[in-house]
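Me: I have a structure open here and would like to talk it through with you. Could you keep the answers plain?

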Amino acid sequence: MTTDTKKTQLPSRNEFGTYEIRMESIGGQGANLASKILADTAILELGLNGISFASYGSEKKGTPVRAYIRLAAADKEIRINSPVIEPDLEVIFSLVLVKSLPLMMGVNPGAKVIVNTAKSPEEVRDIVKIPGGVTLYCVDALGIAVEEKVRLNTTILGTMARAADFIDKDHLENSIRRNFEKKYPALVEPNIKGFRRGYDEVKIYEVPDDGKYPLVPFHSFQPKLGWKNAPIGGVILNPGNSVLNDLSASRSGFIPVWNAEKCINCGECDTTCPDQCIIFERRTDDKGKERQFFSHIDIKHCKGCLRCVESCPKQALTAERETGE
Ligand code: SF4
Ligand code: SF4
């Protein structure tokens with residue numbers, strides 16, 4: 001372990017003296033582990049104080065996950081445990097989250113924003129509606145992760161070391177080694193490669209202060225009806241309906257693709273899918289017998305958990321990169 005407090009100048013801008021990071025991700029992408037590794041580095045290697053924690057939905061894989069990190073100087077205690085609402089560094093693991101989360105809420109003009117994407121920074125700015133004055137870091141973390149056969153979290157940590165340059169790259173690399181050596185020694189080197197590529201292959205863009213997209217101050221959402229104004233009795237005019245439930249925002253970049261030639265219509269995938277996305281249809285087979293046959297995947301309702309791919313005994317389902325972010 002090494003500590004290097006003299007080198008670590010925290011560019012804090014809030015009244016508590018903390019540097020705050022918010023990670024927006026999807027369960028299964030490893031944001032929680034990345035936040036723990038970063039806090040580890042800050043505490044064990046840089047001599048800072050730090051905390052990290054994550055908030056999950058009811059089911060971890062395939063649902064939005066937010067992870068938070070707060071860092072402070074060694075002589076400053078951290079007594080705030082609430083979610084980060086005004087991040088100095090906003091990290092977006094998947095661009096599809098723009099459909100379901102207010103990603104820019106609380107982000108100020110001096111903040112830094114990292115986005116995992118193969119798109120250009122100019123395109124990303126318009127998709128996410130990034131206000132002027134922000135520094136945008138775009139990295140194809142998913143592409144790198146696929147090539148290095150790792151999860152994208154360590155690649156994103158590489159880009160974080162570039163954006164938050166007070167976090168020394170070598171110290172962060174030490175932490176990744178420490179974390180992976182314990183449980184997955186074979187994955188140490190591929191993850192270090194992903195980390196270094198995340199540091200080197202980032203595109204950095206200073207978003208012009210042109211007023212194109214306004215700042216979005218933090219505000220909490222209040223329900224329109226409460227105990228004071230809820231009508232007594234009445235009808236539900238707009239009932240919830242799962243037909244409207246588009247789960248594309250839950251996917252982390254991969255979708256299952258079906259190969260009809262390999263399929264033996266065993267139904268394993270249908271039994272495994274937690275969201276009933278595998279559609280079978282009744283048809284007559286060559287011997288004139290009525291049977292169920294694989295028809296298609298209802299991709300709108302698919303959250304990309306890829307359990308169907310794992311369950312298929314014939315590799316008739318494969319995980320393919322989703323192209324339309
Ligand atoms: S179709 Fe496959 S990837 Fe999609 S939700 Fe069902 S099991 Fe998961
Ligand atoms: S598990 Fe594989 S082989 Fe069986 S029905 Fe599904 S796709 Fe076809």
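Me: To start, how many helices and strands are there in the protein?

Reply: This is a predicted model, and the protein in it has eight helices and eleven strands. Along the principal axes, the C-alpha atoms fill a box of roughly 80 × 60 × 35 Å.

Me: And what share of the residues counts as buried?

Reply: Of the 325 residues of the protein, 46% count as buried. As for contacts between residues at least 6 apart in sequence, 70% of them join residues at least 24 apart.

Me: Which domains does the assignment give?

Reply: The domain assignment gives domain 1, covering 19-206, and domain 2, covering 242-321. The C-alpha centres of domain 1 and domain 2 are 32 Å apart.

Me: Let's go inside. Which residues of the largest nonpolar core touch the most other members?

Reply: That core has 43 residues, and those touching the most other members are Met-23, Leu-89, Val-91, Leu-157 and Met-160. Apart from it there is another core, of 20 residues, which includes Met-104, Val-115, Ile-130 and Tyr-205.

Me: Ser-25 next: buried or exposed?

Reply: Ser-25, which is found in strand β1 (residues 19-26), has a relative accessibility of 1% and so counts as buried. Beyond residues up to four places away in sequence, Ser-25 touches Ala-31, Thr-63, Pro-64, Val-65, Phe-93 and Leu-97.

Me: Switching to α2, which of its residues are buried?

Reply: In helix α2, residues 121-128, the buried ones are Pro-121, Val-124, Arg-125 and Val-128. They cover an arc of only 105° around the axis, so they are on the same side of α2.

Me: And what do the buried residues of α2 pack against?

Reply: They pack against four strands, namely β4 (89-92), β5 (112-116), β6 (135-139) and β7 (203-206). After α2 comes Lys-129, whose phi is positive, near 60°.

Me: Where else is there a positive phi in a residue other than glycine?

Reply: Gln-315 has a positive phi near 55°, and Gln-315 lies in the loop between α8 (307-311) and β11 (317-321). Asn-265 likewise has a positive phi, of about 55°, although it is not a glycine, and Asn-265 is found in the loop between β8 (254-258) and α7 (268-272).

Me: Now the ligands. Which residues surround ligand 1?

Reply: The surrounding residues are Pro-256, Cys-273, Pro-274, Cys-277, Ile-278, Cys-302, Lys-303, Gly-304, Cys-305, Leu-306 and Cys-308. By class, the shell around ligand 1 has nine nonpolar, one polar and one charged residues.

Me: And how many residues surround ligand 2?

Reply: Ligand 2 is surrounded by 14 residues, of which the closest are Cys-263, Cys-266, Gly-267, Cys-269 and Cys-312. The shell around ligand 2 divides by class into eleven nonpolar, two polar and one charged residues.

Definitions and conventions
Residues numbered from 1 in each chain as written. Chains lettered and ligands numbered in written order. Predicted model: local features only at pLDDT ≥ 70, side-chain atom pairs only at ≥ 80, totals over all residues. Heavy atoms only, no water. Domains from an automatic or database assignment. Near = heavy atom within 4 Å. Nonpolar A, V, L, I, M, F, W, Y, C, P; charged D, E, K, R; others polar. Core = buried A, V, L, I, M, F, W, Y, C linked by side-chain atoms within 4.5 Å. Buried < 20%, exposed > 50% of the residue type's maximum accessible area, 1.4 Å probe, protein only. Helix = DSSP H or I, 4+ residues; strand = E, 2+ residues; numbered from the N terminus. Arc of directions from axis to C-beta. Contact = heavy atoms within 4.5 Å.
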